[in-house]
Amino acid sequence: MTDQTLPDTPRVRPHRRARFAPRGLSVVALGVAVVCLLPMLAVVVAAFSGGTDTVAHLVSTVLPRYAGNTLLLALIVSFGTFAIGVGAAWLVTMTRFPGVRWIEVVLVLPLAFPAYVLAYAYTHILDHPGVVQTALRDVMGYGPRDYWFPEIRSLGGAALMLVLVLYPYVYLLARASFLQQSGTTFLAARALGSSAWSAFFRVSLPLARPAIAAGVLLAVMETIADFGTVAYFGVQTFATGIYTSWFSLADRAGAAQLALCLLSFALLLAVLERMQRGRSKYYDPARRSQDKTLILLKGWAGWAACAACLLPVVLGALLPAAVLFWMGLGSEQNLLSARYLGFLQNSLTLAGTAAVVTVCAAIVVGFYQRLQPGRISAGAAYAARLGYAVPGGVIAVGLLVPFAVFDNALDGWMRATFDVSTGLLITGSIWLLIGAYLVRFSAAALGAYEGGQALVHANMDAASRSLGQTPIGTLRRVHLPILTPSLLTALLIVFVDVMKELPATLIMRPFNYDTLAVQAYRLASDERLDGAAVPSLVIVAMGLLPVILICRQVGRQT
């Protein structure tokens, strides 16, 4: 009897009914996708409408320098993050040395620090009037020009700051890949006479290549999007060029064309990262590194491994935090003053609003894709994810150009028709800035939502509909309670990312509406580094929240 009724069970019916999402949900989901695509389309249109004269001027003046510096910076960061991330991941997964259990957790700490905050701290101690060079002159009796010291305000210095805060991307993905690899291939290589290190280079590393490449590409995307570090160190890249063209030179066409160059590079990296993720499907997560013969490092080898893993943590988190704290004690900035409370309120308002809006948009897009799988919903989800590859300066230009045209056209029509000026209704508003954050960080929220959605079995949807629930009712009563931890994680991630975000905020913020990140950048630009330490410490404290969640997850996997 059971065998005869199997073909008629309702297991297939939920998929047939789920082909049709409510019209309102579809409209909102597609609207989110359009908003995410709008900056990129606007940049393309504005760039091609700028004329060839602007292009020729850029090519003959600044474009080669911007391109060269950006590519060189990306190249250095890719090698640096690869070396630190892969080396640390291999040591903590394949060897045992003193303190390895907690070192593999604290290796994630530098993620809490924006690169421009590290730049302020290291400039304070390594610049010519800093602690290190001052002590060197006092001890050795050198004059100002009697010795050579590496220049921190350089492309190399900017690359070092970015490497120290971005290597955890590679470390986390490489570590997960090494943990997931089967021990059989590694043991076979050892049985054939390969040493542990030879087996690493010939077996483990090639197997982990897709995950490592994805981590390196993520680090490179963050590098080309960085503005605060390169601007403070005086390194001319596409990110600084866009800001200079927009504000200092008032060259909107030039800014759009520079943004198009950077957008093309970013989208190329996004495609490569997507391809790498598509290839990394041959791991067996059921076979963990416990199957491998771990290398026990004793004596000086164990302490050397411990020091090698702790060095990036010290340089990327502990030392900068201590320096910033010391600088903040000696500053005249009062975090409890009305002025700083205003900066804090602005930052919390923007971050909180953007987090709620972005997570709601991710829920709509993700649920629409679940209800109505197909090319349209998949395209909407892909469009929502593209923002993580687009630098904040590009998004800012892409949103300001069309909405400035709209505001000016509306103001002109109102003046001509009613003799009333509407001014800038959208361009100078907080909501356009929230829209930029939505485009930039919707990928993070959507990723967290989809990760939690995997826990919601299709049978739950079928049971909910059989009890008379509408799709929206199913979302509200079934999905959201189960997805609460994932949604809270997404809220926290977007909240902290907005707190740290600088280029889009600098370009798009309303007049006299400064945040902690803007205040830190402004004080550092005026060489008031002690003052910049105070808002920087608050930003770092906020950034520790999602890092603590990641550390807890890493600790559970050990």
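# Reading a helical chain, term by term

Modeller: Of the 558 residues of this chain, 51% count as buried, and since we are looking at a predicted model, every value we discuss is computed. The secondary structure comes to 25 helices and 2 strands.

Biologist: Why is L506 called buried?

Modeller: Buried means under 20% relative accessible area, and L506 has a relative accessibility of 5%, so L506 counts as buried. L506 has its place in helix α23, residues 503-508, and, leaving aside residues up to four places away in sequence, it touches F227, Y243, F247, V518 and Y521.

Biologist: How far apart are L506 and A396 in sequence and in space?

Modeller: They are 110 residues apart in sequence, while their C-alpha atoms are 9.3 Å apart in space. For the chain, among contacts with a separation of 6 or more, 82% are accounted for by residues 24 or more positions apart.

Biologist: What makes α24 largely enclosed by the rest of the structure?

Modeller: In α24, 8 of the 10 residues are buried, so this helix is largely enclosed by the rest of the structure. The buried residues of α24 are L516, A517, V518, Q519, A520, Y521, L523 and A524.

Biologist: Why is N512 called exposed, and why is E527 called partly exposed?

Modeller: Exposed means over 50% relative accessible area, with partly exposed lying between that value and the 20% limit for buried. N512 has a relative accessible area of 64%, and therefore it is exposed, whereas E527 has 44%, and therefore E527 is partly exposed. N512 is placed in the loop between α23 and α24, and E527 is found in the loop between α24 and α25.

Biologist: What is the phi of N512, and what is the phi of E527?

Modeller: N512 has a positive phi of about 60° although it is not a glycine, and E527 likewise has a positive phi of about 60° without being a glycine.

Biologist: How do two packed helices come to be described?

Modeller: Two packed helices are described by the angle between their axes and the distance between the axes. Helix α17, residues 338-371, and helix α24, residues 516-525, pack at an angle of about 130°, with their axes 8 Å apart.

Biologist: What are the angle and the distance for helix α3, residues 23-48, and helix α19, residues 392-418?

Modeller: Their axes come within 8 Å and cross at roughly 75°. Because 65 to 115 degrees counts as roughly perpendicular, α3 is described as roughly perpendicular to α19. On the α3 side the contact is made by L38, P39, A42, V43 and A46, and on the α19 side by V394, I395, G398, L399, V401, P402 and F403. By class, the contact has 11 nonpolar, 1 polar and no charged residues.

Notes
Residues are numbered from 1 along each chain as its sequence is written. This is a predicted model: local features need pLDDT of at least 70, side-chain atom pairs count only at pLDDT 80 or more; totals for chains, interfaces and linings use all residues. Side-chain values use heavy atoms; hydrogens and water are left out. Axes are lines fitted to C-alpha atoms, for helices over the stretch in contact, and angles run from 0 to 180 degrees between N-to-C directions. Helices (H or I, at least four residues) and strands (E, at least two) are DSSP runs, numbered from the N terminus. Buried means under 20% relative accessible area, exposed over 50%, partly exposed in between (1.4 Å probe, protein chains only). Contact means heavy atoms within 4.5 Å. Angles under 35 degrees count as roughly parallel, over 145 as roughly antiparallel, 65 to 115 as roughly perpendicular and the rest as oblique. Ala, Val, Leu, Ile, Met, Phe, Trp, Tyr, Cys and Pro count as nonpolar, Asp, Glu, Lys and Arg as charged, and the others, Gly among them, as polar.
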